[in-house]
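Let's take a walk through a protein model together. Keep the picture open and follow along.

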Amino acid sequence: MEEYAREPCPWRIVDDCGGAFTMGTIGGGIFQAIKGFRNSPVGVNHRLRGSLTAIKTRAPQLGGSFAVWGGLFSMIDCSMVQVRGKEDPWNSITSGALTGAILAARNGPVAMVGSAAMGGILLALIEGAGILLTRFASAQFPNGSSPNTGLEFMTLRSRVTYSTD
């Protein structure tokens with residue numbers, strides 16, 4: 001199974017790390033804005049100030065955590081591609097499991113096993129959903145053409161006249 005718009009491996013790590021940082025910062029900013037607004041004292045000024053303070057203090061930390069996860073995942077994924085010589089869903093599933101295990105290493109072996117299982121299961125679900133969507137989309141167009149291509153060809157063909165002079 002091909003990944004369509006992926007960078008080559010050394011640049012993929014930087015790309016995924018930056019994308020993960022962006023997602024973590026934006027998502028964390030939205031979450032922290034709501035949390036800061038709800039946990040602030042009554043009054044619009046207090047709530048807006050509390051929301052902004054929560055965003056400034058916590059969103060960059062969440063973005064950094066996402067960047068570490070994305071960078072480590074991509075490094076392991078690129079290593080798996082290099083070692084195995086092929087790029088398939090098993091690389092992503094294994095990379096998710098190893099990333100979970102490595103990031104939980106400070107909490108001991110039991111936490112490593114639990115995080116590895118969760119990372120592997122999560123990535124297996126994501127890869128499985130991607131495969132199912134690809135198969136579903138390809139079943140709609142079995143010959144690889146878009147729905148309008150056949151109609152345009154038939155209309156063009158009916159307009160063409162052949163002379164046998």
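How many residues does helix α3 have, and how far does the helix reach from its first C-alpha to its last? Helix α3 covers residues 89–103, which gives 15 residues, and reaches 21 Å, close to the 21 Å expected at 1.5 Å a residue. That expected span is 1.5 Å times one less than the number of residues.

Before going on, a word on what you're looking at. This is a predicted model, where local features need pLDDT of at least 70, side-chain atom pairs count only at pLDDT 80 or more, and totals for chains, interfaces and linings use all residues. Residues are numbered from 1 along each chain as its sequence is written, and side-chain values use heavy atoms, with hydrogens and water left out.

Now zoom out. Helices (H or I, at least four residues) and strands (E, at least two) are DSSP runs, numbered from the N terminus. Of the 165 residues, 27% count as buried. Here buried means under 20% relative accessible area, exposed means over 50%, and partly exposed is in between (1.4 Å probe, protein chains only).

Back to α3 for a moment. Its buried residues are Pro-89, Asn-91, Ser-92, Ile-93, Ser-95, Gly-96, Ala-97, Thr-99, Gly-100 and Ala-101. What covers them? The cover includes α2 (44–84) and α4 (109–140), going by contacts, meaning heavy atoms within 4.5 Å. While you're at α4, look for Gly-114, which sits in that helix. Gly-114 is partly exposed, with a relative accessible area of 34%. Gly-114 and Ala-104 are 10 residues apart in sequence, and their C-alpha atoms are 8.8 Å apart in space.

Next comes α2. The 41 residues of α2 should span 60 Å at 1.5 Å a residue, and the end C-alpha atoms are 57 Å apart, which agrees. Still, α2 bends by about 35° at Arg-58, and a proline, Pro-60, follows within four residues. The bend at a residue is the angle between axes fitted to the seven residues ending there and the seven starting there. After α2 you meet Gly-85, with a positive phi near 80°.

Then there's α1, with 30 residues and a reach of 43 Å, close to the 44 Å expected. Buried in α1 are Arg-12, Ala-20, Gly-24, Gly-28, Gly-29, Gln-32, Ala-33 and Gly-36, and their cover includes α2.

How many disulfides does the structure hold? There is 1, where a disulfide is a pair of cysteine sulfur atoms within 2.5 Å. The partners are Cys-9 and Cys-78, with sulfur atoms 2.3 Å apart. Cys-9 lies in α1 (residues 9–38) and Cys-78 in α2, so the pair ties together parts that are 69 residues apart in sequence. Cys-78 counts as buried because its relative accessibility is 9%.

Finally, how far can you trust the picture? pLDDT is the predictor's confidence in each residue, from 0 to 100. The chain averages 85, and 83% of the residues score at least 70. Among the elements, α3 has the highest mean pLDDT (94) and α5 (residues 147–159) the lowest (50). Over residues 153–162 pLDDT stays under 50, and the model has 0 contacts beyond four places in sequence for them. Where pLDDT is low, the predicted coordinates should not be read in detail.
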